[in-house]
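Please find below a set of numbered remarks on the model shown here. They go from the overall layout to single residues, and then to confidence.

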Amino acid sequence: MSFDTYCRECATHYADTFTKNQHVQVVHHGITPPNPDISEELFYTINSHIPQVRAKTCPVCLVYFHTLSSCVCHVDNHHPPQSRVGCLMRPTKEAVIYEWERLIEAVFPGSLKFIRKSWRIVRDENHQMMGDTEDEEEEGDDNFYDI
Ligand SMILES: [Zn+2]
Ligand SMILES: [Zn+2]
């Protein structure tokens with residue numbers, strides 16, 4: 001969700017730019033109303049009660065992403081569950097992440113699983129190509145658990 005899918009005149013969000021453009025054609029005779037006079041960042045904050053926006057907003061740093069997959073990517077990389085990282089690093093509130101994942105399931109059913117599954121395929125392919133690098137990373141993880 002962004003200004004591209006929002007009509008300021010009607011204060012209405014649309015599912016995608018195509019739907020919004022259709023709306024502009026029909027209701028505003030093809031003349032796109034100007035964007036709101038606020039930054040997009042503030043705009044997201046204001047609209048963060050909308051589930052579609054919250055699902056694409058990092059629940060920890062409250063940064064909005066234009067696509068769900070980039071948001072999931074950010075959360076997986078920056079706020080990994082304690083079980084994966086070791087208990088000393090980044091005490092991410094797992095409940096916050098869990099709530100956010102449940103919200104995604106409600107708003108975009110199945111997407112989370114699909115996104116993570118497609119990454120795993122990419123990761124596995126990389127793993128086959130450069131197994132050495134992967135092994136080094138895994139050793140680093142083991143050291144973490146020893147601390
Ligand atoms: Zn409108
Ligand atoms: Zn974050």
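1. Layout. Along the sequence, the elements of this predicted model follow the order β-β-α-α-α-α-α-α-α-α. The total is eight helices and two strands. Of the 147 residues in the protein, 8% are buried. Taking contacts between residues at least 6 apart in sequence, 43% of them join residues at least 24 apart.

2. Annotated span. UniProt, in an unreviewed entry, places the feature "domain: C2H2-type" at residues 7–29. In the model, this span is 48% helix and 13% strand, and its end C-alpha atoms lie 13 Å apart. The annotation comes from the record and may be inferred rather than shown by experiment.

3. Helix H1. How many of the eleven residues of helix H1 are buried? The number is zero, so H1 (residues 17–27) lies largely in the open. As for confidence, H1 has the highest mean pLDDT among the elements of the protein, at 94.

4. His 29. Just after H1, His 29 takes a positive phi of about 55°, although His 29 is not a glycine. The residue sits in the loop between H1 and helix H2 (40–46). Is His 29 buried or exposed? It counts as exposed, because His 29 has 7 C-beta neighbours inside 10 Å and the cut-off for exposed is 12 or fewer.

5. Leu 62. A positive phi is also found at Leu 62, with a value of about 60°, and this residue is not a glycine either. Leu 62 belongs to the loop between helix H3 (51–55) and H4. With 12 other C-beta atoms within 10 Å, Leu 62 is exposed; the limit for that class is 12 or fewer.

6. Helix H4. Which residues of helix H4 (residues 68–78) are buried? They are Cys 71, Val 72 and Val 75. Seen down the axis of H4, these buried residues fall within an arc of 95°, so they line one face of the helix. The face of H4 turned away from the buried side carries Ser 70 and Asn 77, which are exposed.

7. Ile 50. This residue is found in the loop between H2 and H3. Ile 50 counts as partly exposed, with 14 C-beta neighbours inside 10 Å. Ile 50 and His 13 are 37 residues apart along the chain, and their C-alpha atoms are separated by 9.7 Å.

8. Glu 105 is found in H6 (residues 94–107) and is partly exposed, with 14 C-beta neighbours inside 10 Å. The C-alpha atoms of Glu 105 and Ala 55 are separated by 8.9 Å, while the two residues are 50 residues apart along the chain. Val 107, also found in helix H6, counts as partly exposed with 16 C-beta neighbours inside 10 Å. Which residues does Val 107 touch, not counting those up to four places away in sequence? They are Pro 51, Gln 52 and Ala 55. Val 107 and Pro 51 are 6.6 Å apart from C-alpha to C-alpha, and 56 residues apart in sequence.

9. Confidence. The mean pLDDT of the protein is 78, and 76% of its residues reach 70 or more. Which helix has the lowest mean pLDDT among the elements? That is helix H8 (residues 131–146), with a mean of 45. Over residues 131–147, pLDDT stays under 50, and the model has four contacts beyond four places in sequence for this stretch. Where pLDDT is low, the predicted coordinates should not be read in detail.

Note on methods: Residues numbered from 1 in each chain as written. Chains lettered and ligands numbered in written order. Predicted model: local features only at pLDDT ≥ 70, side-chain atom pairs only at ≥ 80, totals over all residues. Buried ≥ 20, exposed ≤ 12 C-beta atoms within 10 Å, placed from the backbone. Helix = DSSP H or I, 4+ residues; strand = E, 2+ residues; numbered from the N terminus. Contact = placed C-beta atoms within 7 Å. Arc of directions from axis to C-beta. pLDDT = per-residue confidence, 0-100.
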